Amino acid sequence: MNWRAVKAIVRKDLKVVLQNKGVLIPLIVVPVMILVAMPALAAFAPALQDMPGTPFAGMDNFIQGMPPGLQAALAGYSEVQMVVVLALVYFLAPMYLILPLMIASVIAADSFAGEKERKTLEALLYTPTTDRELFLAKLLSAWVPALGIAWGGFVLYSVVANLAAWPTMGKLFFPTVMWLVLALWVAPAVAGLGLGVTVLVSAKAQGFQEAYQLGAIVVLPILLLVVGQATGVMYFSTWLVLLLGLVFWVVDLVLLWFAGRTFRRHELATRL
Amino acid sequence: MRAEPVIVVNGLTRRFGGVVAVDHLDLEVYPGEVFGCLGHNGAGKTTTVRLLNGVLAPDGGTARVLGLDPLGDGPVLRRRTGVLTETPSLDERLTGRENLQIYAELYDVPPAEVPGRVESFLETFELADRGDDRAGGYSKGMKQRLALARALLHQPEILFLDEPTAGLDPVAAHHVHDMITRLSHEQRTVFLCTHNLAEAQKLCARVAVLEHGRLVALGTPAELAQKLGRSQRLEIEVAPDGVTAAVGVVKTSLGIADPALENSTLSVVGANREAIPGLVASLVAAGVRIYRVTPQEPSLEDVYFALHGEEEVS
């Protein structure tokens, strides 16, 4: 494996991405929304408790309907604190997964389909890199920044959550073990999911926009998790998150195996 | 004795669906040669370059480039070849310098040599003062120069040039021609795909003419002309008052029924070189004042048009 060539392609792709406002803006706006605005608003929720018609009145019944594990996790908190913990630790958890998914998808669409659109792929195919090196470099171009932002975002989220909720919580309550598993085990797998789907879609797409739009379908499983938690169908626990990560990793392997088969120099050259 | 060929192609074939892009191609290219590959758009030139670099897999036949199999030894081979693609294929969001730096690494130029070599190529290709500008802001000629610099950066033994002067102004095209001439002086092999016949005539020792993927002619322009039975053309410019007499003399002396006439220049195809002195004497004897007699070898254009048929070409 020629790691120097792999690093050169990763560096090139990242430089190109950073010059593209169409790619860069969502990469800034969405993390700010998910990592700063939403936890800050969620932490502010207890201020609603004095307003008429707020759900705090039925909090007891709500807690009673939750799985025993979650009830145990919330034990010891006041009702107001429960609202904060539910929002910041549980309801926003699947939203956090949108980050690595979206970042990997956007960059992969630019790296795979965008390269074709900009007509820069041909020169790359004439280089001494092997198909495997090219494929790996392209995967890393999207996966590494997705992970970097996801993990950096996790730290930022932790800081914002603790700061914003301090008046209510009065102590550091974040991150939890479940969130550590989410960030370190599930987020990389979710990034791989976005990557796998986008690479497959990019093989047929003519450009960045088409690949990104077609690849957006990959957000559906994450939205199902959001809805599942909001409706009480399921709640994230450490074990569930571990299992979820395993499922994503298996799906990743299958997707990337197929994606690797489409990413052959001889095939790519026929579509130039 | 002629050196071993650096490119040997036997029966090379490539299809795209029902279309045969390269059809049983046979050719050899020798070291240090500027070899022209001529043909209309879609004749199979670009596909041939891709096949010879292992970027496409053939459906039939074999190719050896620098003794290597392009398909099986692709990465090793591509380290020793350079390709200027038909479109410059530059990363336009990167600077000229960044474009060269990244490709120097991809072509495994030793790390310690990269900065110096990049600077030297920017200088050579007259891009040094714009090296930190994004390539997207370059003129077409500058982009082509940068792409050529990128193709040469790793000092390839064979350089494949696909329409290197397409769309360039005469000055930029002249720069590219100079560069190709310089490379041939350095004993580098150049495989030049073009449909610019004047360019091929000027630069190439031998040419292959492709049509619908098939090789229809191979040789030096003179050899091709000979094979096609094309004769020397003679241009005779005379004083305007002597045109009628000159036409008469030409008809009588050379047995040409109807010589072409443009202003006061007669153009005669099929003249034997040995007939020229007698023809000039007859014209003088007829009182024709002769300004110019120019024997012309058949041009590559003559050959090309003859091969393809003038109607199809036009």
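Reader: Hi! Which residues of α3(B) meet α5(B), and which residues do they meet there?

Author: On the α3(B) side they are B:Gly96, B:Asn99, B:Leu100 and B:Tyr103, and their partners in α5(B) are B:Leu146, B:Ala149 and B:Arg150. By class, the residues of that contact are four nonpolar, two polar and one charged. One thing to keep in mind as we chat: this is a predicted model.

Reader: Thanks, noted. How do the axes of those two helices sit, in distance and angle?

Author: The axes of helix α3 (residues 96-106) and helix α5 (residues 140-152), both of chain B, come within 9 Å and cross at roughly 20°. Because angles under 35 degrees count as roughly parallel, that makes α3(B) roughly parallel to α5(B).

Reader: And is the crossing of α3(B) and α5(B) left-handed or right-handed?

Author: Right-handed.

Reader: What about α3(B) against α4(B), at what angle do they pack?

Author: Helix α4 (residues 114-124) of chain B packs with α3(B) at an angle of about 130°, and their axes are 10 Å apart. The two are therefore oblique to each other. Here too the handedness can be given: α3(B) passes α4(B) in a right-handed crossing.

Reader: Which residues meet in that one?

Author: From α3(B) you have B:Gly96, B:Arg97, B:Leu100, B:Gln101, B:Ala104 and B:Glu105. Facing them in α4(B) are B:Val114, B:Arg117, B:Val118, B:Phe121 and B:Leu122. Sorted by class, the contact of α3(B) with α4(B) has six nonpolar, two polar and three charged residues.

Reader: Let's switch to the interface. How many residues does each chain put into the contact?

Author: Chain B gives 24 residues and chain A gives 24 residues. On the side of chain B that touches chain A, the elements that give two or more residues are α2 (74-78) and α3 of chain B.

Reader: Which element gives the largest share on the chain B side?

Author: α3(B), with four residues.

Reader: I can see sheets in chain B. What is the strand order in the open sheet of six strands?

Author: The order is β5-β6-β7-β3-β8-β9 (chain B), and the pairing is mixed. At the edges are β5 (81-84) and β9 (214-219) of chain B, each of which pairs on one side only. Neighbouring strands in this sheet are turned by 15° against each other on average, direction ignored.

Reader: How many bridges join β6(B) to β7(B)?

Author: Five, and the strands, β6 (residues 158-162) and β7 (residues 189-194) of chain B, run parallel. Within that pair, B:Leu159 stands opposite B:Val190 in β7(B).

Reader: Which strands of that sheet does α1(B) touch?

Author: Helix α1 (residues 45-52) of chain B packs on the sheet and touches β3 (34-38), β5, β6, β7 and β8 (206-211) of chain B. Its direction makes about 155° with that of β6(B). There is also helix α6 (residues 170-185) of chain B, which lies across β3, β6 and β7 of chain B and runs at about 150° to β7(B).

Reader: Nice. And the open sheet of three strands, what is its order?

Author: That one goes β2-β1-β4 (chain B), with antiparallel pairing. β2 (19-29) and β4 (60-65) of chain B stand at the edges with a single partner strand each, so one side of each is left without a neighbour in the sheet. The twist averages 25° from one strand to the next.

Reader: How many bridges join β1(B) to β2(B)?

Author: Seven bridges join strand β1 (residues 7-16) of chain B to β2(B), and the two run antiparallel. For a residue pair to click on, B:Val8 stands opposite B:Glu28 in β2(B).

Reader: Last one: which strands of this sheet does α1(B) touch?

Author: α1(B) packs on this sheet by touching β1, β2 and β4 of chain B, and its direction makes about 65° with that of β2(B).

Note on methods:
Residues numbered from 1 in each chain as written. Chains lettered and ligands numbered in written order. Predicted model: local features only at pLDDT ≥ 70, side-chain atom pairs only at ≥ 80, totals over all residues. Axes fitted to C-alpha atoms, helices over the stretch in contact; angles between N-to-C directions. Parallel < 35°, antiparallel > 145°, perpendicular 65-115°, else oblique. Left-handed = near helix turned anticlockwise from the far one by under 90°. Contact = placed C-beta atoms within 7 Å. Nonpolar A, V, L, I, M, F, W, Y, C, P; charged D, E, K, R; others polar. Pairing = 2+ DSSP bridges.
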